[in-house]
Amino acid sequence: MTSPLRATDSLVLTFVGPDRPGLVNLIAEAVARHGGNWLESRLANLAGAFAGVVLVQVSAPARAGLITSLAQLEQEGLRITIASGQETAAPAGTPLRLELVAHDRPGIVRDVTQTLTRLGVNIEDFSSALESAPFTGETLFKAQLSLSLPADVPEPTVRAALERLAHELMVDIKTPEPV
């Protein structure tokens, strides 16, 4: 059986607007109206703004109509950017899942990502948040990362490099579950 979308384009949509009910539905309606398929998304309310990134697939003939419909959502307060997606092969490196916990401080994300970049590690997914520590109420930075390690960089090297950033940075490495 063939897919209902024959010649398709992948589009990566990024958007931001003042948070209110119905914003996700506005985008979903536009995608569905043009026969598109919502494949993947990351959406969040950040400081009163609702922001997200969405991967959609749409037939080549419907692409222009979808782009026009999405542009009209600016009247609803949504700023949307559209980029053409590319088919990519699975990451060539070794997958690694990290959980980081540290006392919050300015520059922590820069320091972590700089360390990973120097090792040639690719960040596949990164999410972070601030939380209050139990008992003390101190602000903790927590991050979850999915990484792809180059063949010549073993997991202990990544752990050691991150732990050198600061003595209070805890690194928990999770091995990916078999597919």
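Asp-111 has its place in helix H3, where helices (H or I, at least four residues) and strands (E, at least two) are DSSP runs numbered from the N terminus. The model is a predicted one, in which local features need pLDDT of at least 70 and side-chain atom pairs count only at pLDDT 80 or more, while totals for chains, interfaces and linings use all residues. Residues are numbered from 1 along each chain as its sequence is written, and side-chain values use heavy atoms, with hydrogens and water left out.

With a relative accessible area of 14%, Asp-111 is buried; buried means under 20% relative accessible area, exposed over 50%, and partly exposed in between (1.4 Å probe, protein chains only). Apart from its neighbours within four places in sequence, Asp-111 is in contact (heavy atoms within 4.5 Å) with Arg-105 and Leu-165. Helix H3 spans residues 108-118, and its buried residues are Ile-108, Asp-111, Val-112, Thr-115 and Leu-116. These residues lie on the same side of H3 because they cover an arc of only 125° around the axis, the arc being that of the directions from the helix axis to the C-beta atoms. Their cover includes strand E5 (94-103), strand E6 (122-132), strand E7 (139-149) and helix H4 (155-163). On the face turned away from the buried side, H3 carries the exposed residues Arg-110, Thr-117 and Arg-118. Just after H3, Gly-120 takes a positive phi of about 80°.

Turning to the whole protein chain, there are 4 helices and 8 strands, running β-α-β-β-α-β-β-α-β-β-α-β from the N terminus on. Of the 179 residues, 28% are buried. Among contacts with a separation of 6 or more, 70% come from residues 24 or more positions apart.

An open sheet of 4 strands has the order E2-E3-E1-E4 with antiparallel pairing; two strands pair if DSSP finds at least two bridges between them. Strand E2 (37-46) and strand E4 (79-84) stand at the edges with a single partner strand each, so one side of each is left without a neighbour in the sheet. Neighbouring strands of this sheet are turned by 15° against each other on average, direction ignored. E2 and strand E3 (residues 49-59) run antiparallel and are joined by 9 bridges; Trp-38 has Val-56 in E3 as its bridge partner. Helix H1 (residues 23-33) lies across strand E1 (8-18), E2, E3 and E4, at about 165° to E2. Helix H2 (residues 63-72) also packs on the sheet, touching E1, E3 and E4, and its direction makes about 0° with that of E1. For these angles, axes are lines fitted to C-alpha atoms, for helices over the stretch in contact, and angles run from 0 to 180 degrees between N-to-C directions.

The count of salt bridges comes to 9, each a side-chain nitrogen of Lys or Arg within 4 Å of a carboxyl oxygen of Asp or Glu. One of them joins Asp-9 to Arg-63, with the closest N and O atoms 3.6 Å apart. Asp-9 lies in strand E1 and Arg-63 in helix H2, so the pair ties together parts that are 54 residues apart in sequence. Asp-9 is partly exposed at 22% relative accessibility, and Arg-63 is partly exposed at 24%. Another salt bridge links the side chains of Glu-163 and Arg-159 (3.9 Å, N to O), both in helix H4 and 4 residues apart, about one turn of the helix. Elsewhere, salt bridges that share partners join Glu-40, Arg-42 and Asp-125 into one network, in which the side chains of Arg-42 and Glu-40 meet at 3.5 Å, N to O.
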